[in-house]
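Here are some notes for a first look. Please keep the structure open as you read.

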Amino acid sequence: MISYKEVGLVNSRDMFAKAMKGHYAVGAYNFNNMEQMQAIIAACVETKSPVILQVSKGARDYANINILRNMARGGVEYAHELGCDIPIVLHLDHGDSFKTAKDCIDNGFSSVMIDGSHLPYEENIAVTKQVVDYAHEHDVTVEGELGVLAGIEDEVSSAVSHYTRPEEVVDFATRTGVDSLAISIGTSHGAYKFTPEQCTRNEEGILIPPPLRFDILAEIEKQLPGFPIVLHGASSVPQEYVKIINEHGGKLADSVGIPEEQLRKAAKSAVCKINIDSDGRLAMTAMIRKIFDEKPAEFDPRKYLGPAREELKKMYMHKNIDVLGCAGHALD
């Protein structure tokens with residue numbers, strides 16, 4: 001067994017307590033490769049932000065758990081080299097079973113999510129508690145989920161969403177012992193979060209999604225005062241990236257995300273972790289498509305992955321400073 005402490009990581013307990021006290025949220029950024037990890041760490045060091053390196057089951061299958069753990073170790077050392085030892089969590093996103101969560105805990109992850117939201121309520125409680133009991137033996141923090149997000153991202157998909165029921169949160173948190181709770185208040189996975197029929201169009205013809213259910217969030221805060229809340233599916237799907245992709249051969253019709261001002265509002269509440277994955281994919285794809293289109297003879301991966309990495313860094317810095325509010329809080 002490899003402890004996350006040997007890797008130089010931290011769990012999310014103190015990180016979330018400080019975020020709630022400071023009224024900001026920590027970015028949970030998914031990564032699958034070196035360029036993504038470099039961009040995340042460089043952006044968070046430059047903005048002095050705490051960060052959660054997030055790994056999905058799909059990323060584990062793609063990159064290998066041992067490589068990902070050592071990339072996180074490299075991220076810790078890279079931050080030190082850049083001059084700021086920011087707190088870094090390595091987190092399993094949407095763990096689908098006790099086996100998957102245990103494997104991550106045993107291989108240096110400092111935080112895991114067990115997603116039993118698709119199960120009947122009592123089964124969700126049972127599998128979540130099983131993960132919590134094992135994780136807490138090793139001082140690893142656990143995120144559970146109540147409610148179902150629509151959309152598709154990696155292996156997680158649902159055709160419809162089900163809002164979190166505030167009347168269930170106390171029972172769930174008490175019986176499972178989770179350290180944080182992912183809720184459903186209108187966010188959605190992927191770049192196609194809403195159908196055009198669910199949206200309105202502004203004067204420029206841009207799709208405007210339905211607002212987040214802050215009334216549900218407020219009731220959950222009332223039921224669980226001071227408890228860390230998580231938002232999944234919180235990419236904003238920046239239209240400048242969609243435009244670049246479509247101008248250079250892509251086809252991303254009617255892709256729309258969560259308005260950043262709504263995420264900023266959520267970050268000032270009990271929401272202390274906000275997951276962002278699709279925006280990173282869009283930023284990388286936009287830069288790579290642009291270079292391939294404008295320089296069709298280019299075949300050196302460094303010449304297209306390098307600019308993609310720089311655009312990613314720029315985007316993550318923007319998220320930390322303008323959306324999440326976590327910039328400057330790494331050393332609190």
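1. Is Arg13 buried, partly exposed or exposed? Arg13 is partly exposed, at a relative accessible area of 36%. Bear in mind throughout that this is a predicted model.

2. Arg13 has a charged partner. Its side chain meets that of Asp139 in a salt bridge, with N to O at 3.1 Å. Arg13 sits in helix H2, while Asp139 lies in the loop between helix H7 (121-137) and strand E5 (141-146), so the pair ties together parts that are 126 residues apart in sequence. Asp139 is partly exposed too, with a relative accessibility of 29%.

3. Which of its residues are buried? They are Met15, Phe16, Ala19 and Met20. Viewed down the axis of H2, the buried residues fall within an arc of 130°, so they line one face of the helix. An α-helix has 3.6 residues a turn, so residues three or four places apart point the same way.

4. Now turn to the other side of H2. Asp14 and Lys21 are exposed there. The buried residues, by contrast, have cover that includes strands E1, E2 (51-56), E3 (88-95), E8 (180-183) and E12.

5. What follows H2? The next residue is His23, and its phi is positive, near 60°. His23 is not a glycine. That deserves a second look, as most residues other than glycine have a negative phi. His23 is in the loop between helix H2 (13-22) and strand E1 (26-30). It counts as partly exposed, at 46% relative accessibility.

6. Asn64 is another case to check. Its phi is positive, about 85°, and it is not a glycine either. Asn64 is found in the loop between helix H4 (57-63) and helix H5 (65-82). At 35% relative accessibility, Asn64 is partly exposed.

7. Strand E12 spans residues 271-276. How many of its six residues are buried? Six of the six are, and the strand is mostly covered. Strand E12 runs parallel to E1, and four bridges join the two. One of the pairings sets Tyr29 against Ile276 in E12. Strand E11 (residues 229-231) also runs parallel to E12, with three bridges between them. Here Val230 has Lys273 of E12 as its bridge partner.

8. The side chain of Lys273 makes a polar contact with the side chain of Glu143, at 2.9 Å. Beyond its neighbours within four places in sequence, Lys273 is in contact with several residues, including Phe16, Ala28, Ile52, His91, Glu143 and Val230. Phe16 is one of the buried residues of H2.

9. How many salt bridges are there? The count comes to 19. Among them is the pair of Glu46 and Lys313, whose closest N and O atoms are 2.8 Å apart. Glu46 lies in helix H3 (residues 34-46) and Lys313 in helix H13 (residues 301-324), so this pair ties together parts that are 267 residues apart in sequence. Glu46 is partly exposed, with a relative accessible area of 49%.

10. Arg213 and Asp215 give a further example. Their side chains meet in a salt bridge, with N to O at 2.7 Å. Arg213 is partly exposed at 31% relative accessibility. Asp215 is partly exposed as well, with a relative accessible area of 46%.

11. Last, the cysteines. How many disulfides does the structure hold? It holds zero. Take Cys84: the closest cysteine sulfur, in Cys44, is 10 Å from its own, too far for a bond. Cys84 is buried, at 6% relative accessibility. Cys104 is buried too, with a relative accessible area of 0%.

Technical notes
Residues are numbered from 1 along each chain as its sequence is written. This is a predicted model: local features need pLDDT of at least 70, side-chain atom pairs count only at pLDDT 80 or more; totals for chains, interfaces and linings use all residues. Side-chain values use heavy atoms; hydrogens and water are left out. Buried means under 20% relative accessible area, exposed over 50%, partly exposed in between (1.4 Å probe, protein chains only). Two strands pair if DSSP finds at least two bridges between them. A salt bridge is a side-chain nitrogen of Lys or Arg within 4 Å of a carboxyl oxygen of Asp or Glu. A polar contact is a pair of N or O atoms within 3.5 Å; within protein, one must be able to donate a hydrogen and the other to accept it, and residues adjacent in sequence count only if both atoms are side-chain atoms. Contact means heavy atoms within 4.5 Å. A disulfide is a pair of cysteine sulfur atoms within 2.5 Å. The arc is that of the directions from the helix axis to the C-beta atoms.
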